[in-house]
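Morning, everyone. Let me put the model up, and then we go through it piece by piece.

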Amino acid sequence: MKHTISVLVENHFGVLARVVGLFSARGFNIDSLAVGETHDPTVSRMTIVVHGDDRIVEQIIKQLNKLIDVIKVEDLSQGEIIDRELVLVKVKADTAVRNEVMQIVNTFRAKIVDVNPESLAIEVTGGESKIDAMLELLAPFQILETVRTGLIALARRKALEAPPQYPQQKKDTQKAKTRAGASGKRVNVTK
Amino acid sequence: MKLTGAQILIKCLEKEGVEYVFGLPGGAILPTFDALYDSKLKFILVRHEQGATHMADGYARATGRTGVCLVTSGPGATNTVTGLATAFMDSVPVVCITGQVATHAIGSDAFQEADVVGITRPVTKHNYLVKDVKDLARIVREAFYIAKTGRPGPVLIDFPVDVSRAEMEFEWPENIYIRSYDPSPADSTDLSKAQIEKAAKAIMESKRPCLYVGGGAVVSGAHTEILELVEKTGIPITTTVLGLGVFPETHPSSLRMLGMHGTHYANYSVQNSDLLIAVGARFDDRVTGKIDKFAPHAKIIHADIDPASISKVVKVHYPIIGDIKPILKALNGLVGDLRPQMKDWLAQIEAWKKKHPLKYDQSGDQIRQEYVIEKIGELTKHKAVVTTGVGQHQMWTAQWYGFTKPRSMITSGGLGTMGYGFPSSIGAKLGRPDETVICIDGDGSFQMTLCELATAAYYKVGVKVFIMDNAHHGMVRQWQELFYRRRYSGCELGPSNPNFTKVAEGFGILAIRVEEKGQVIPAIEKALAHEGPVLVHVLVAKEDNVYPMVPAGHALDQVMDMA
Ligand SMILES: Cc1ncc(C[n+]2csc(CCOP(=O)(O)OP(=O)(O)O)c2C)c(N)n1
C-alpha cells in the first residue's frame with residue numbers, strides 16, 4: 001500500500017542526507033520526495049511517498065522519529081488528505097495534432113507554458129490519478145520530456161501540531177501571536 | 001575572559017565530568033591538544049585511533065559513564081569508524097571529537113580532509129559539524145546528553161581547526177533543550193502503566209513463561225529489579241550475550257545464554273514457552289534463529305526504551321516502551337508467585353538441564369579453552385570484568401565464565417568486532433581500577449589491536465590478557481569444517497603467528513607461556529597476583545568446536561551438539 005508521510009525537520013544542513021541515508025541504509029524505497037521550508041523558517045517539511053506493507057511503513061516512521069533532527073512524523077494516509085503534484089511535460093505536437101493536444105490540456109485544466117513549432121510544454125497540477133490519466137492520454141503524441149515535483153500533501157482537517165519553539169524564537173514571534181499551545185519538552189540537565 | 005574554541009571544548013569536557021580522554025593528535029586538532037596540556041583531564045595516548053574508540057567504549061560499558069575520544073582529521077577520524085559502529089550497534093555512550101580542516105577549506109579536498117560527518121552518519125546516534133565557535137558549548141552539551149539518554153549511542157563532533165582557534169567569551173549552557181529529541185518516549189506514563197498492567201495479567205495467566213533479557217537491562221541498571229521479578233515469580237530467565245551478568249548465572253532460575261551458542265535448555269525454554277518476556281533485548285538473528293519458527297507458541301511481551309525495536313523483527317503482543325528499571329519496578333508490584341502453576345514447566349526445564357548440560361571433553365592432554373575459561377571464572381570468583389575479542393573464545397567465555405555481576409561482560413555483540421577485546425579492557429580497567437579486569441582474546445582478534453600493548457605498558461594498566469592461541473581464526477575454521485567440507489580457506493594463523501610472549505616482553509609487559517594443562521592454574525594465579533599488565537599465551541586445542549550450535553537459518557531448537 002502507498003503511504004504519504006509528512007516529516008517536519010529542523011532546517012539544518014545535512015538533514016536531508018540523514019533522512020535519505022536512513023532510507024537507503026535500511027533498504028526502504030522512496031517513490032517520491034519533496035522538501036521545502038515551512039512558514040516557520042527554522043522548520044522544513046518533507047513529503048515522502050513510500051509503498052510497502054504496514055510493518056515496513058511502521059518501521060520507517062519509527063526510524064525517522066529516532067533521527068535527532070526530526071521534529072514530527074505523520075502518516076497522512078491515515079486520514080483524508082489534500083495531495084498535489086506539479087508536472088511539466090513536453091509533448092511532440094506539430095500543427096496537425098496541436099488542437100487535439102490542446103483539448104486534452106483544457107479538459108484537465110492544465111496550461112500550455114511554452115509553444116514550439118514541433119512541441120508544446122504543458123504544466124499540470126493535481127493528485128496522482130489526474131496526472132496519470134493525463135499522461136496516459138498524451139502518450140500517443142509522444143512525450144519528449146517530463147519532470148515531476150513529487151507529491152506534496154497536507155491533512156485535510158487536522159493540522160500537524162506546530163513544533164515547539166526555542167526561547168529565542170518565541171521572543172521573535174510573540175508579537176506575531178503565532179503558535180499558541182506549542183508544546184515542547186524542556187530538559188534540565190544538572191549535575 | 002575570552003577563550004579559544006579549543007579551550008572552550010576542554011572546559012566543556014571538564015564540566016561534563018569527563019575523567020579520561022583517549023586519543024592521538026594531528027594537525028587539525030593541535031590547538032585542542034595544546035589546550036588539553038593545561039587541563040586536569042587525564043589523557044591516554046593510544047597507538048591507533050580504533051583503540052581509542054574501543055577504550056572509550058570499554059570504559060563506558062564498565063562504568064556506565066560516557067567515554068570520550070579525541071583524534072585528528074582525515075585518517076585519524078576514519079580510523080574511528082569501526083569503533084563508532086561497534087558502540088552504535090551495542091548502544092554505548094561515546095563522544096568522539098575529530099579535528100577537521102578549516103571551515104573555508106571544507107569541500108576542497110584539502111590535506112587530511114574527509115567528510116567525517118557523512119562517513120559516520122550511519123554509525124552514530126547523531127553527529128555535528130561545528131561551524132561557529134558560538135555553537136560549540138551547546139553542541140558539546142547536547143552531544144553528551146544525546147549519547148547518554150534514551151537508547152544510548154555514540155555521538156561525533158567534527159571540529160574544524162579555525163573554529164578551535166576562534167575566540168569568544170565562554171558561557172556554559174546550564175540548560176539545554178532539543179525540541180526534536182525526546183529521550184523518554186514513555187513519559188506518557190498512563191499509556192505504559194496500562195501496558196504494564198496488561199503484561200502483568202498475561203504473566204499471571206501464563207503456564208510456561210520465560211524471561212529473555214538483553215543489554216538494555218544492563219544499561220538501565222535494572223539488575224535488582226530483575227532478581228526481584230525472578231525470585232518473586234519463579235520465572236526462568238535467559239540472557240543474550242550483552243545481557244550476561246545482569247542476572248547471576250549461578251542462580252537456579254538461570255538458563256544461561258540463549259541463541260546460536262546458547263544452552264539447549266535456554267533455547268528449548270524459549271521455543272516451548274507460552275509467554276516470552278523480552279526485556280531490553282532486540283531479537284537479533286543470532287538470538288532468534290529462523291525467525292518464522294521462533295517461539296511459535298508464545299505471546300510476546302517486549303519492554304524497551306526504543307520504540308523502533310518493538311515489532312521490528314517479531315510481532316509483539318504487549319509492547320511496553322520506556323526505561324526498563326521503572327517498568328520492572330511497576331511490574332514487580334503486580335505479579336506474584338507462579339511456581340504452583342509452573343510445576344510441569346519447571347520440571348520439564350530441570351529435565352532438559354539434566355539431559356543437556358553444557359559440557360566439554362575433559363580427557364586428553366590438550367588444553368581446552370573451555371577449561372581455561374572455567375578456571376579463570378573460578379579463580380576470580382566469577383566477579384571479574386571480562387572483555388573478549390570475537391570468535392570461539394568469545395562464545396566459550398559467554399558459556400563458561402559464569403557471570404554474576406552486571407557490567408562484567410564486555411564484548412562486541414552487535415557488530416562482532418575482532419580487536420575489540422584488548423583495548424576495551426584497558427578502558428574498563430581505567431574506569432574500574434580496583435577490580436580485576438581480564439581480556440580473553442583469540443590469537444586472530446588480539447593481533448588486530450595489539451599495538452595497544454604500548455598503551456597498557458606506558459600507563460601501567462593492570463589488565464590480564466589471555467590469548468587463546470588455537471593457531472586459527474577458530475570460528476571461521478569451525479564454519480568451514482561444518483559447512484564447507486573442511487576447505488580451510490584463509491583461516492590458518494599458526495605458521496605466521498608471532499611469538500606472543502616475546503612480543504609482550506618487547507613492550508615491557510610480563511608474559512607467561514602455557515603449554516600444558518598443568519600450567520593453566522598456576523599461570524592464572526600468577527597473572528592475577530601481578531600488579532601491572534600481564535599477557536598469558538595459552539596454546540590451546542587447534543581444532544575444537546563451540547557447541548551447542550544452532551546453525552544459521554535453523555530454528556532455535558535444532559541444536560547441534562558434540563557426539
Ligand atoms: C574485524 C573482523 N574481521 C573479520 C571477522 C570475521 N571473523 C569472525 S570470528 C573470526 C575468527 C576469529 O579468530 P580468533 O580471534 O583467533 O578467535 P577464535 O575464533 O579462534 O577463538 C573472524 C575472522 C570479524 N568478526 N571481525
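Is Cys491(B) buried or exposed? Buried, because its relative accessibility is 0%; the cut-offs are under 20% relative accessible area for buried, over 50% for exposed and partly exposed in between, with a 1.4 Å probe and protein chains only.

Ground rules. This is a predicted model, where local features need pLDDT of at least 70, side-chain atom pairs count only at pLDDT 80 or more, and totals for chains, interfaces and linings use all residues. Residues are numbered from 1 along each chain as its sequence is written, chains are lettered from A and ligands numbered from 1 in the order written, and side-chain values use heavy atoms, without hydrogens and water.

Now chain A. Four strands form an open antiparallel sheet, ordered β2-β3-β1-β4. Strands are DSSP runs of E, at least two residues, numbered from the N terminus; two of them pair if DSSP finds at least two bridges. β1 (2-10) and β3 (43-51) of chain A share nine bridges, antiparallel. Val9(A) has Ser44(A) in β3(A) as its bridge partner.

Last, the interface. Contact, meaning heavy atoms within 4.5 Å, takes in 33 residues from chain A and 30 residues from chain B. Two salt bridges link chain A and chain B, each a Lys or Arg side-chain nitrogen within 4 Å of an Asp or Glu carboxyl oxygen. One involves Arg179(B) and Glu10(A), at 2.7 Å, N to O.
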